[in-house]
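This report describes the architecture of a two-chain complex, taking confidence, folds and individual residues in turn. The sequence and structure are shown first.

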Amino acid sequence: MSLRVKQRRGIEFFDALLMEVCSPFLKSSTFVLKTVHGVFQEYVFLVHLQKENTLLKQKIIDLQKENHQLKEEALGGERLQKLMQFREKVAASVIAAEVIGQDPSSWFKSLTINKGETDGVRKGMAVISPEGVIGQILRTGPRHSIVLLITDYNSAVDSIVQRTRAKAIVEGKGENRCQLKYLLRAEEVAVGDIVVTSGLGGNFPKGLVVGEVRKVEKTGQGVFQYAELVPSADLSKLEEVLVIAESPPPPPEEKPKKTKRASGIQKRK
Amino acid sequence: MKQIAPPLFLGILFLTLQTTLLASSPLYRIRPDLVLILTLYLSLSYPMVSGGILVFFLGSLLDLFSGNSFGLFTFSRPLIFMIARLLKERFYVEGFLPQFLFVLSLTLVEGLLILILLNGLNPRPVGRLYPLWVFVFLPQSLITGLVTPFLFSFFKQRLPLLSPQGTKGSAGS
């Protein structure tokens, strides 16, 4: 071991000397190589950078487009899911339709939907959405129909105030507002009250949300009070709606049971 | 047929634009009435009979797609067409301002006419529509008037088919 160490010590001097002599050359050659490499890396090899950049930008645009399309599809899916869930809740036969146009004038409030007589849509049928009542069918074509919105001045829906059960007729006011007509002055109606369909008109099933009371006025004399409501559904942003083809029939066993009970009571008496 | 087909096609295109693209924009309340602009252009450039038939048809199309059950536009549009034809001989309809004023005044006249007809024909009073005239119809008429000179020059320069032979170049001159 000691002999080897001694030999090693002798070599160390030459090693160090060689290293001292060579290292500046190595250092300078490394610097030159690095510089040349850098020049190629940063300038010569970047000749196609602009082309690559354009390609990447195009790729980003394509991906963004795809992303928007996917988002739109996802939102559409969500809306349809909501509509389907609502369809299951409504115990009536309904026809799903897509909104394809709005009223061409500002005097009237209507929508065009992509379902018509061939799909079973008839004049007077109620049109609803998961948010609430939309209107009723005004005119039908073979494949398209015109829906008169509840905000149109010609529209009238028999309704009740959910909290107090006060009866009134919801009439359109032209803009995104409706008016509660024939609401008795004696009835207690407050701002924020929900108005629902009464089911008496025949077209709309009972209990569908029409809107929320925003203004109540009892000024002046008279039998009735003035109340204004905002439709629960945003009628300017509708994309899909449901047309109620048939109102739910009354439960078949309800009437005979009542008569049986009544007859039973009579018998007991 | 050559006289009727191009404006009819353009009218249907404008109607589609009014019910879809313009109706879904954030400023849908003040969208310009493109069909009315076309009607007034026809009153300036088309003969009485073919222009009248076209305007009548466009009016009935408007009625068909709107929530109006009285056929108001079928009546009002030909009437406006006739009034415009009477006025075109008496007024100078060349340049931005005269065209703007011409269309603005006739749009307002039509609005008043519709309001009067609605009140007359409806069994219930429609007094709640009067504020609409100020807040919606007046701004919409202004926008329609502002758009008119551009559309008139577009019809004149780009759509020579809209100026039938014999009356060519009479619009706005």
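Contact here means heavy atoms within 4.5 Å. By this criterion, and leaving aside residues up to four places away in sequence, B:Ser66 touches A:Asp103, A:Pro104, A:Ser105, A:Phe108, A:Ser110, A:Leu138, A:Arg139, A:Ile146 and B:Phe73. B:Ser66 is situated in the loop between α3 and α4 of chain B. Because its relative accessible area is 0%, B:Ser66 counts as buried. The C-alpha atoms of B:Ser66 and B:Thr19 are 9.2 Å apart in space, although the two are 47 residues apart in sequence.

**Confidence**

The model is predicted. For the complex, the predictor gives an ipTM of 0.80 and a pTM of 0.71. The pLDDT of chain B averages 82, and 84% of its residues score at least 70. Within chain B, confidence is highest in α4(B), at 91, and lowest in helix α6 (residues 130-158), at a mean of 84.

Two packed helices are described by the angle between their axes and the distance between the axes. For helix α3 (residues 48-65) and helix α4 (residues 72-88) of chain B, the axes come within 7 Å and cross at roughly 150 degrees. The crossing of α3(B) past α4(B) is right-handed. On the α3(B) side the contact includes B:Met48, B:Val55, B:Phe56 and B:Leu62, together with B:Gly51, B:Gly52 and B:Gly59. The residues that α4(B) contributes include B:Leu72, B:Phe73, B:Phe81, B:Met82 and B:Arg85. By class, this contact has nine nonpolar, five polar and three charged residues.

Chain A has three helices and 12 strands. Of its 269 residues, 33% count as buried. Among contacts in chain A between residues at least 6 apart in sequence, 57% join residues at least 24 apart.

Six strands of chain A form a closed barrel in the order β1-β2-β5-β4-β3-β12, with antiparallel pairing. From one strand to the next, the twist averages 45 degrees. α3(B) lies across β2, β4 (132-140) and β5 of chain A, and runs at about 140 degrees to β4(A).

| Strands of chain A | Bridges | Bridge partners |
|---|---|---|
| β2 (residues 110-113) and β5 (residues 145-149) | four | A:Ile113 and A:Ser145 |
| β6 (residues 156-161) and β9 (residues 194-197) | three | A:Val161 and A:Val195 |
| β9 and β10 (residues 209-217) | three | A:Val195 and A:Gly211 |

A:Val195 links the last two rows: its bridge partner is A:Val161 in one pairing and A:Gly211 in the other.

**A buried glutamate in chain A**

Is A:Glu228 buried or exposed? A:Glu228 is found in strand β11 (residues 224-231) of chain A. Buried means under 20% relative accessible area; A:Glu228 has 9% relative accessibility and therefore counts as buried. Apart from residues up to four places away in sequence, A:Glu228 touches A:Lys173, A:Arg177, A:Cys178, A:Glu212, A:Val213, A:Arg214 and A:Lys215.

Terms used:
Residues are numbered from 1 along each chain as its sequence is written. Chains are lettered from A and ligands numbered from 1 in the order in which they are written. This is a predicted model: local features need pLDDT of at least 70, side-chain atom pairs count only at pLDDT 80 or more; totals for chains, interfaces and linings use all residues. Side-chain values use heavy atoms; hydrogens and water are left out. Axes are lines fitted to C-alpha atoms, for helices over the stretch in contact, and angles run from 0 to 180 degrees between N-to-C directions. A crossing is left-handed if the near helix is turned anticlockwise from the far one by less than a right angle, and right-handed if clockwise. Ala, Val, Leu, Ile, Met, Phe, Trp, Tyr, Cys and Pro count as nonpolar, Asp, Glu, Lys and Arg as charged, and the others, Gly among them, as polar. Two strands pair if DSSP finds at least two bridges between them. pLDDT is the predictor's confidence in each residue, from 0 to 100. Buried means under 20% relative accessible area, exposed over 50%, partly exposed in between (1.4 Å probe, protein chains only).
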